[in-house]
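User: I have a two-chain model open and want to read its interface. Where do I start?
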2 protein chains.
Amino acid sequence: MRNIIIASTSTLHDGSYLEYLLPTLQSHFENAKTILFIPYARPGGISHEDYTQKVRQAFSPLGISVTGIHEYDNPAEAITNAEALFTGGGNTFVLVTQLYKNNCMEALEITVKNGTPYLGTSAGSNICGLSMQTTNDMPIVYPPSFKTLGFVPFNINPHYLDPIAGSTHMGETRETRILEFHAYNNIPVVGLREGSWLEVKGNHVTLKGSLPARIFTAQHLPEEIAPESDLSTLGR
Amino acid sequence: MRNIIIASTSTLHDGSYLEYLLPTLQSHFENAKTILFIPYARPGGISHEDYTQKVRQAFSPLGISVTGIHEYDNPAEAITNAEALFTGGGNTFVLVTQLYKNNCMEALEITVKNGTPYLGTSAGSNICGLSMQTTNDMPIVYPPSFKTLGFVPFNINPHYLDPIAGSTHMGETRETRILEFHAYNNIPVVGLREGSWLEVKGNHVTLKGSLPARIFTAQHLPEEIAPESDLSTLGR
């Protein structure tokens, strides 16, 4: 049974790394003594080792130890053998390129489908959708494909941002970008605001956190949904 | 001799389409009676025909007629035969995919190098750089390559946006995204604010408009340059 948390962000403006999620992670990872961390997205170009160290410190209060996938000779095997999995944020193009290069995609799909608990934040959440095509990141490397894990039958837009009132900037708003996505694709998109996450238990998908989320489906007006809304039928 | 305008945006907040550029375009296109417009980037999913109509209206005060590249059976040949060229904004992934699909890249490279005047705005400016990897757009379609025209030996970031003072948003700033680009690439990047453009005459590149631009080079701190700065040596 799938057991997944898909979070918009790792960090809130007024908190430390993963702080707002810690109570949730305590129960999410209650049967795990160790987590395999996937640092491939490298926010700001940070090294795999430094990024893993940051995650190690964040999980230390929960009594959970953390290893980085880069420490293993066979990354796919490390995924298969993991007690629990966490993919951190950063650049989604870099993350997806590295996952394909290291043959991790299939191992992740199978392992998480079989019930190994998974946490994704930001780029690590983007890859839970059918494709990475609603990422906000710059295409700084060229991945072999935009197809991702499809843990849920829709796409994620993390760090969802409402239009800024009174802005004179003429670049596209986030909503406009997602509407353009729907000129070429039929996949529904969940705009997850910072502080929101999706809880996936088997086939049940629930919006968590205190904020509404914005749902975009092709040929329909966007829709706001309240916390605790059931998204189990979206994309099915 | 190359004769190119690379503009951050087509439209300013307080103006109509291309309005702020019209005096510049009058001299840029002084020897052209017709412009071939490339509407492939389709902002907001607008049709090629509607987008071309909008451009036709904007150039009508200059006495220049406009045809859309989609009206021709052989797009590459249309480019070669054009008196002048304009590629409009929209989604860079869509634009680049369509340019490759229709064998337009080589024709554009040769034609513009030979002196046919070119105007790019937004996505149409992104493709003037060595790669499209500093676009702000969502990857809504998968292009065969991120390599672009290289009219200038650096990359463009159009609609360059300064960090917003007091913002609590945790998604990356534009500057952070460009710094991440430089963790994987050595190509310099010009952050062009809305209202700025680059004028390329042969090998001379000059910043135009009333705003400074922000220059990012790998392993250096970003640098602000004033209007009328000479960028001819950047990337050489």
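Analyst: Start with a rule. A salt bridge is a side-chain nitrogen of Lys or Arg within 4 Å of a carboxyl oxygen of Asp or Glu. Bear in mind that this model is predicted.

User: How many salt bridges does the rule find across the interface of chain B and chain A?

Analyst: Two. In a salt bridge, the side chain of B:R177 meets that of A:D137, with 3.1 Å from N to O.

User: Which elements of chain B give two or more residues to the side that touches chain A?

Analyst: α4 (92–101) and α7 of chain B. α7(B) gives the most, with five residues. By class, that side of chain B has 20 nonpolar, 19 polar and seven charged residues.

User: How do I read the area that chain B and chain A bury?

Analyst: Buried area is what two parts lose on being put together, summed over both. Here that is about 3800 Å², 61% of it on carbon and sulfur atoms. In chain B, the residues that lose the most area to chain A are B:M138, B:Y142 and B:Y184, together 19% of what that side buries. Each chain brings 46 residues to the contact.

User: And the largest pocket: how much space lies in it?

Analyst: About 1200 Å³. Its lining has 44 residues, and those closest to the centre are A:L161, A:H169, B:L161, B:I164 and B:R174. Two or more lining residues come from each of α7 (174–184) of chain A, α6 (123–126) of chain B and α7 (174–181) of chain B. By class, the lining has 13 nonpolar, 18 polar and 13 charged residues.

Note on methods:
Residues numbered from 1 in each chain as written. Chains lettered and ligands numbered in written order. Predicted model: local features only at pLDDT ≥ 70, side-chain atom pairs only at ≥ 80, totals over all residues. Heavy atoms only, no water. 1 Å grid on protein atoms, 1.4 Å probe; cavity = no way out; pocket = protein on both sides within 12 Å on 5 of 7 lines; lining within 4 Å. Points joined across faces, edges and corners; volume = space filled by probe spheres on them. Helix = DSSP H or I, 4+ residues; strand = E, 2+ residues; numbered from the N terminus. Nonpolar A, V, L, I, M, F, W, Y, C, P; charged D, E, K, R; others polar. Contact = heavy atoms within 4.5 Å. Buried area = accessible area lost by both parts, 1.4 Å probe.
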